[in-house]
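Have the structure open while you read.

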Amino acid sequence: MSASKLDFTLEAKFSDFALNAAASVPLSGVTAVFGPSGSGKTSLLYVIAGFIRPDTGRITFGEETWLNTAPRAWTPTHKRGVGVVFQDAQLFPHLSVRGNLDYARKRADQSAPGHPEPDIIAAMDLTALLDRDPQTLSGGERQRVAIARTLLTRPRLLLLDEPLAALDTARKGDLLPFLETLKTQFAVPTLYVSHDVDEVSRIADRVLMMEAGRIVASGRTDEVLSRFGLEAGRNPYEAASILHGEVDIASESGLVAVRIGDAVLWLAADLHLDPGTEISIKVPARDVAIALERPDKISIQNMIPAKVSALREAPRAAFQSVTLDVGGQTLDSIITRKSVQALGLKTGCNVFALIKSATFHA
Amino acid sequence: MPDLSSLWLTARLAFVTTLVLLIIGTPLAWWLAQTRSRFKPAIEAIVALPLVLPPTVLGFYLLIAMSPNSWLGGFWMQATGDTLSFSFASLVIGSVIYSFPFMIQPLQAAFEGPVKQAMQTAASLRASPVDAFVSVAMPMSARGFVTAIVLSFAHTLGEFGVVLMVGGNIPDRTRVASIEIYENVETLNYADAHSLSLILLVVSFLTLLSVFAFNRKFPAHVRL
């Protein structure tokens, strides 16, 4: 009889954050564990794998108890029947590709349902690689070997820890079809850790959304992603802020001055607005740049003094989301991680928000 | 022609010492590499002590511990009917302690790093901890094992102070090569001192050469 649900309630303290997560995951299809880097996705996966033993909590896999605080229960990793695929594949360097696969096959639970080795090797396209040394493989090839190796143990639950994270964009595209094969042909219940919206929307049936060690949302992939403005096929950087202000000076040459706190923004306006009218404007996060000093000799005319109130990971690794405080209102900016480092941005920094475009918001 | 029995005794001592060190050093090095215990620094300091202590200090304490009046010496006396000090066993105990860091430190270094994560990977492939240690940690740490074994062996070959303190200078029993050389020099028998010294020099060089050649030829792990 196959298990129906993975249930967990966990509390674990780490040096820099605390994991405090509970969920009940149906054991079918792919469940994404989605959230920014540092939100505890990998820690959660490691706790479920049995690599980390949390302070308190309970994990049940169907009828089996893997972890419990009272009465104390603990099932070590090698008895859980979980297959783990790591970010960096973790192939054994002292074994060939075939040796790595044999290692898993010899230790498989023969009573568990599994697929014949030739099918797995064919599905992951490994025939030509069997005699190679793992060190000579590309990143994508290594991950295919790692996936095949895991399948050969006949796992009851697959745990994939950002299997695409170590690959460049082109290689990601090459490996994604194999992950889809994994889902359709082998149908092992899977927890898939990722911070990439495109991957999640393509592969996952449901999503556990994590932030700061907690699961903040869960449900069907499209529902959860849309609730956070992260639908598939839509650029996640369409995120925008709404600022409230009042018309300062009526339009001249098609522009309107809007007063936001102490600052004034000039907006293109097709309609006539009387001074004093309260209005809202919408500013796309990707159209907000940040400067440490007020720049002159620049085409952007709209600059507001602001204070950095939070730095968060953006759904894609190269970017960071910077939350700014402008006179008590919130303005979001998405800039590259490189820029954040170059400017040395930290919470509390006084900066200038350069607004490239803004529209009136009904 | 020098008496070669001292060389034979030295070789036996180095072999037995290395074997004992391998048996007790492997689990201790593994524990040191894995533990987050607050006692770890203290244990590491104790393991490294023979590197800095004068051999006479170590030898002096060992001599006291092995005397028939002490619990260890007394226990040995009861069990074997012989004194522990000035026996081959006392040489082994002294050498094991004296060469301890030469076994522990290369092994501990090999067990840290990639081996740790490889053990987790092995567990996720259903290998029990013992299975994973033998099938993953040991082959991945092959270079560490070779270095530890050869250094322990070579270091025991060259030992002088500790063995002199605990073993004395009894022919065929505790007179190892280094002591015989000292004895030959004292009695102005320079010819024998020369031949024995040359043999020790060449053996030590070849032993060390084998480690460096192995480390150059093979990666950190053996390919199975």
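In this predicted model, 17 residues of chain B are in contact with 20 residues of chain A. On the chain B side, the elements that give two or more residues are α6 (114-124) and α7 (129-140), and α6(B) gives the most, with six residues. Here's how that side of chain B splits by class:

| Class | Residues on the side of chain B that touches chain A |
|---|---|
| Nonpolar | nine residues |
| Polar | six residues |
| Charged | two residues |

Now for the insides. The largest nonpolar core has 117 residues, and the members that touch the most others include A:Val33, A:Leu45, A:Ile48 and A:Tyr192. Helix α5 (residues 88-111) of chain B supplies the largest share of this core, 13 residues. There's also a second, separate core of 27 residues, with A:Val283, A:Ala306, A:Val308 and A:Phe319 among them. Back to A:Ile48: leaving out residues up to four places away in sequence, A:Ile48 touches A:Phe8, A:Ile59, A:Leu159 and A:Leu191.

Then take a look at helix α1 (residues 5-34) of chain B. Its 30 residues reach 43 Å from first C-alpha to last, close to the 44 Å expected at 1.5 Å a residue. Where does α1(B) bend? At B:Gly25, by about 35 degrees, with a proline, B:Pro27, following within four residues. Buried residues of α1(B) include B:Leu9, B:Leu13, B:Thr17, B:Leu21 and B:Gly25. An α-helix has 3.6 residues a turn, so residues three or four places apart point the same way. Among the elements covering the buried residues of α1(B) are α5, α8 (142-157) and α10 (177-186) of chain B.

Methods. Residues are numbered from 1 along each chain as its sequence is written. Chains are lettered from A and ligands numbered from 1 in the order in which they are written. This is a predicted model: local features need pLDDT of at least 70, side-chain atom pairs count only at pLDDT 80 or more; totals for chains, interfaces and linings use all residues. A nonpolar core is a set of buried Ala, Val, Leu, Ile, Met, Phe, Trp, Tyr and Cys residues joined through C-beta atoms within 7 Å. A residue is buried if 20 or more other C-beta atoms lie within 10 Å of its own, exposed if 12 or fewer, and partly exposed in between; C-beta atoms are placed from the backbone. Two residues are in contact if their C-beta atoms, placed from the backbone, lie within 7 Å. Ala, Val, Leu, Ile, Met, Phe, Trp, Tyr, Cys and Pro count as nonpolar, Asp, Glu, Lys and Arg as charged, and the others, Gly among them, as polar. The expected span of a helix is 1.5 Å times one less than its number of residues. The bend at a residue is the angle between axes fitted to the seven residues ending there and the seven starting there.
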